[in-house]
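Reader: I have a model open and would like to go through it piece by piece. Can we start with the terms and then move to the details?

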Amino acid sequence: MTTSQDVVVSEMGIGAGGAAMPGSGAAGLFACRSAASAGAMSMRQTYRDLAAAAARSANCTWAELEAMRAASPTRSRPGADVDELTAWMRKHPSALGKFEQIASASKGKKIVMFLDYDGTLSPIVANPDAAYMSDAMREAVRDVAKHFPTAIVSGRCRDKVHNFVGLSELYYAGSHGMDIQGPGSNPESVLCQPASEFLPMIDEVYKVLVEKTKSTPGAKVENNKFCLSVHFRCVDEKRWNFLAEQVKAVIKDYPMLKLTQGRKVFELRPSIMWDKGKALEFLLESLGFASCSDVLPVYIGDDRTDEDAFKVLRKRGQGVGILVSKCAKETSASYSLQDPAEVMEFLLRLVEWKRRSSAAAPPMVRPRVQPRPAAGGTDPRRRSGRPPVNPARRDRCPVVPTPPHPHPTPPRPNFL
Ligand SMILES: O=P(O)(O)OC[C@H]1O[C@H](O[C@H]2O[C@H](CO)[C@@H](O)[C@H](O)[C@H]2O)[C@H](O)[C@@H](O)[C@@H]1O
């Protein structure tokens, strides 16, 4: 274990790259490796025969189906590659196992906590509307927020994730970071909505998708305000490709939207240069930590879209990225936790550690911070665990459209 430039990095090095784009030919890289390497031969053969037949009939390639399945394994296969997982764990050790090291890396620094929702705070369930977090988890998050500025960063629509979490003292970044709100619920607390001009288009596409996908049993379209999710967790695997074709057909007419894939979900969102990583940077800046060396952002997430935030931490050379996963995945995170239960344990330990170290340490005398002209004054946010919103920052929330694609949708040779 080394600590370099404030980045806590495991001794075995850094996970190469980040999330593979679905359909890039490397989509399986992000998926559980065990799924690709395990399984009894006879089972696998049957599986392949079925999938190949489905692929032929649906006019898609074998590689497309393989990538989709690998990105969304239906079940854990027997005989997973233990060696591979062990090697991966060496590169991305448990954040619980390395807790002391993470804690000591944060000495003299202000932790800012970023938490993804689905798969991180709540377990993955079949019905997206019933993805509740436990009361125990809520208490843990509440406690964390008492000590550290805390933000929920989710693909969900902000209101929905706010309802699930139910804590008004947090920051919320919904729609993959495209809708950011500070603590409180007055209109003034909305800090950044860089894709607001896309709202009419998103509403229109939502209706088209609902209509188009209603013939696919189990498919569910979720309106996340600035983006849309098309769920296929409850769709028969043989129909996955057909559904993908339907979604692709819709998005062809909307070149300003882009298509990505999460955990058994297609995600459509504005093609602007804004993602969870940008939201993390925005929030750090809003909190007055734009270019500070004494801040330690901790980001915990389980999905591809969280990779954008992990990459930002790597680029900043600052912070702790923790991937929630039970299996080996290509990631830019430094550490791992297996599931929401371990996430909760980590949060509780962090609170406990903070309480103990605050009780033991003499009151810290901070060097005087130079008044920051833009934020105004001596920046009280830096002194409290729960910083007020910085309304000045709202003006700097950009709308950054990417240039229209040369093709209606970017070419995605394999899957999307
Ligand atoms: O960024 P997140 O907070 O992780 O949101 C990503 C997507 O999460 C939700 O879908 C996922 O969780 C569902 C409930 O457990 C599950 O049924 C689904 O298969 C998962 O993909 C949410 O419903 C999506 O809108 C989010 O984009």
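Author: A residue is called buried if 20 or more other C-beta atoms lie within 10 Å of its own, exposed if 12 or fewer, and partly exposed in between, with C-beta atoms placed from the backbone. By that count, 47% of the 416 residues of the protein chain are buried. This is a predicted model: local features need pLDDT of at least 70, side-chain atom pairs count only at pLDDT 80 or more, and totals for chains, interfaces and linings use all residues. Residues are numbered from 1 along each chain as its sequence is written.

Reader: How many helices and strands are in the protein chain?

Author: The protein chain has 14 helices and 14 strands. Helices (H or I, at least four residues) and strands (E, at least two) are DSSP runs, numbered from the N terminus.

Reader: And the contacts, what share joins residues at least 24 apart?

Author: Among contacts between residues at least 6 apart in sequence, 68% join residues at least 24 apart. Two residues are in contact if their C-beta atoms, placed from the backbone, lie within 7 Å.

Reader: Now the ligand. Which residues are closest to the ligand?

Author: The closest are Tyr117, Asp118, Pro128, Ser154 and Gly155, out of 24 residues that surround the ligand. A residue belongs there if its C-beta atom, placed from the backbone, lies within 6 Å of the molecule. Strand E9 (228–231) and strand E11 (265–270) are the elements that give two or more residues to this shell.

Reader: How do the residues of the shell divide into nonpolar, polar and charged?

Author: Seven are nonpolar, eight polar and nine charged. Here Ala, Val, Leu, Ile, Met, Phe, Trp, Tyr, Cys and Pro count as nonpolar, Asp, Glu, Lys and Arg as charged, and the others, Gly among them, as polar.

Reader: Which domains does the shell draw at least three residues from?

Author: Domain 1 (2–15 + 87–196 + 274–359 + 379–394) and domain 3 (198–262) each give at least three residues to the shell around the ligand. The domain bounds come from an automatic or database domain assignment.

Reader: Different topic. At what angle do helix H7 and helix H13 pack?

Author: Two packed helices are described by the angle between their axes and the distance between the axes. For helix H7 (residues 135–147) and helix H13 (residues 340–360) the angle is about 35° and the axes are 9 Å apart. Axes are lines fitted to C-alpha atoms, for helices over the stretch in contact, and angles run from 0 to 180 degrees between N-to-C directions.

Reader: Which residues of H7 and H13 make the contact?

Author: H7 brings Ala136, Met137, Ala140, Val141, Asp143, Val144 and His147, and H13 brings Pro340, Met344, Leu347, Leu348, Leu350, Val351 and Lys354. Of the residues in this contact, 11 are nonpolar, one is polar and two are charged.

Reader: I noticed Ser175. What is its phi?

Author: Ser175 has a positive phi of about 50°, although it is not a glycine. Ser175 sits in the loop between strand E5 (171–174) and strand E6 (179–181).

Reader: Is Ser175 buried or exposed?

Author: Ser175 is buried, because 28 other C-beta atoms lie within 10 Å.

Reader: And Lys225, where does it lie?

Author: Lys225 lies in the loop between strand E8 (220–223) and E9. Lys225 has a positive phi of about 70° and is not a glycine. With 22 other C-beta atoms within 10 Å, Lys225 is buried.

Reader: Next, Gly277. Which residues is Gly277 in contact with?

Author: Leaving aside neighbours within four places in sequence, Gly277 is in contact with Asp308, Ala309, Lys311 and Val312. Gly277 is in helix H11 (residues 276–286), and Val312 is in helix H12 (residues 306–316).

Reader: Why do Gly277 and Val312 count as buried?

Author: Gly277 is buried because 25 other C-beta atoms lie within 10 Å. Val312 counts as buried because it has 23 C-beta neighbours inside 10 Å.

Reader: What else does Val312 touch?

Author: Outside four places in sequence, Val312 is in contact with Leu280 and Glu281 as well as Gly277.

Reader: Last one, Trp88. Where is Trp88 found?

Author: Trp88 is in helix H5 (residues 82–91).
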